[in-house]
Amino acid sequence: MNITVRHKLAKRLIEAGGEALSGQQLADEFGISRTAVWKHIKDLEDQGYEIESIKKRGYILKSIPDTLEPTAIQTLLKTKRIGQVMKYIESCPSTQIIAHKLAQEGTADGTVVLTETQTAGRGRLARKWDSAPQKGIWMSIILRPDVVPQKAPQFTLVAAVAVVRAIEEVTGLKPEIKWPNDILINGKKCTGILTELQSDADGIQALIIGIGLNANQEVEDFSPEIQEIASSLKMASGKEVNRQELVRALLFHIEQFTNIYIEQGFAIIKLMWESYSSTIGQPIRARMAKETLVGIAEGITDDGVLQLRTADGKLHGIYSADIEMQN
Ligand code: BTX
């Protein structure tokens with residue numbers, strides 16, 4: 001089956017806004033037979049689209065499935081690169097594992113891996129990532145930027161800014177970024193970002209940006225140990241979020257901000273990151289493996305290193321720490 005015709009058909013049905021489209025009209029538009037139209041309609045139904053077929057009038061779209069399956073996402077997607085290739089799996093251990101494998105096999109820049117649930121979702125430093133079925137966005141994006149491996153951490157910051165913009169746009173909520181890369185709403189974590197790298201002597205082969213975004217969980221959907229610290233967009237806004245719309249907005253903004261970063265450098269991204277940050281300008285306590293420092297978070301360097309000024313006036317570069325706000 002030709003996937004592009006199916007996408008076009010889905011888009012056409014969505015745009016018809018509940019009006020019937022006849023099989024003949026669709027066949028003429030797409031240059032295929034009426035039987036082929038009917039087969040595509042059956043495929044869409046198999047994917048969970050509810051389509052009424054009325055004799056002599058045609059097909060009416062009644063509802064689209066609440067899944068992250070590519071037809072539903074790509075139909076109204078506004079990107080040029082990111083998400084043009086998509087891999088969807090109903091359940092998997094981790095989208096990062098699949099993305100690494102696809103990257104090694106040479107998949108295109110901008111390939112996206114999406115799933116409904118992860119059985120071994122991972123955070124940074126081998127931490128676990130809670131990925132409740134059909135409640136969130138569990139996604140990995142493969143990028144192949146022409147930059148030196150030292151610049152990889154900046155992509156995490158680019159992604160964080162893009163996630164904040166997407167959440168603002170779709171929900172009206174005002175998330176904040178907590179250094180290094182937690183996205184918080186009302187002080188609770190609603191998104192985590194994990195950037196991994198495949199590189200060799202020639203430079204970056206692939207960057208795998210993993211995004212875990214809590215969309216429609218209720219508190220009991222989180223495992224007990226994170227119920228106090230985690231939140232979802234639905235918990236914060238009181239409204240169910242359309243996950244498909246959110247994925248489209250995420251991919252759109254990630255494409256926009258990676259373009260800005262590659263064409264204009266890091267300065268604009270850094271300013272935006274700092275403006276969204278709940279850490280910068282604040283008194284904080286930074287717990288590191290060997291010491292704890294208290295001071296004012298002044299900003300980040302171009303490598304994403306946190307600049308902390310202690311009471312004795314010294315400026316410290318913090319590479320890895322747990323941050324607590326002091327007020
Ligand atoms: P992180 O190390 O900053 O955060 C992990 C910590 O966050 C955990 O130790 C736990 O305390 C808390 N946590 C776990 N799950 C959740 C959750 N759903 N909501 C809020 N807090 C939670 C952040 O790591 C990076 C996470 C990336 C996840 C994506 S999902 C798609 C891709 N595949 C994959 O396996 N990981 C990435």
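A polar contact is a pair of N or O atoms within 3.5 Å. The model is predicted. The protein chain is assigned domain 1 (5-63), domain 2 (70-276) and domain 3 (283-325). The ligand is surrounded by 27 residues.

- Ser94 places a polar side-chain atom 2.7 Å from an oxygen atom of the ligand.
- Arg127 does likewise, with a polar side-chain atom 2.6 Å from an oxygen atom of the ligand.
- The protein buries 93% of the 780 Å² that the ligand exposes when taken alone.

**The shell around the ligand**

- Helix 5 (95-104) gives two or more residues to the shell. So do three strands: strand 5 (136-143), strand 8 (188-200) and strand 9 (203-214).
- The closest residues are Ser94, Arg122, Arg124, Arg127 and Asn214.
- By class, the shell holds 11 polar, 9 nonpolar and 7 charged residues.

**Domain 1 against domain 2**

- The C-alpha centres of domain 1 and domain 2 are 32 Å apart.
- Contact between them involves 8 residues of domain 1 and 6 residues of domain 2.
- About 540 Å² is buried between domain 1 and domain 2. Carbon and sulfur atoms give 64% of that area.
- Three residues stand out on the domain 1 side: His7, Lys11 and Tyr49. They supply 67% of the area that domain 1 buries against domain 2, more than any other three residues.

**Backbone points to check**

- The peptide bond from Trp179 to Pro180 is cis, and its omega is near 0 degrees.
- Pro180 sits in the loop between strand 6 (176-178) and strand 7 (182-185).
- Ala126 has a positive phi, near 60 degrees, although Ala126 is not a glycine.
- The loop between strand 4 (112-118) and strand 5 holds Ala126.

Note on methods: Residues are numbered from 1 along each chain as its sequence is written. This is a predicted model: local features need pLDDT of at least 70, side-chain atom pairs count only at pLDDT 80 or more; totals for chains, interfaces and linings use all residues. Side-chain values use heavy atoms; hydrogens and water are left out. A residue is near a molecule or strand if one of its heavy atoms lies within 4 Å of it. A polar contact is a pair of N or O atoms within 3.5 Å; within protein, one must be able to donate a hydrogen and the other to accept it, and residues adjacent in sequence count only if both atoms are side-chain atoms. Accessible areas come from the Shrake-Rupley method with a 1.4 Å probe; for residues, only the protein chains shown count as cover. Helices (H or I, at least four residues) and strands (E, at least two) are DSSP runs, numbered from the N terminus. Ala, Val, Leu, Ile, Met, Phe, Trp, Tyr, Cys and Pro count as nonpolar, Asp, Glu, Lys and Arg as charged, and the others, Gly among them, as polar. Domain bounds come from an automatic or database domain assignment. Contact means heavy atoms within 4.5 Å. Buried area is the accessible area (1.4 Å probe) that two parts lose on being put together, summed over both.
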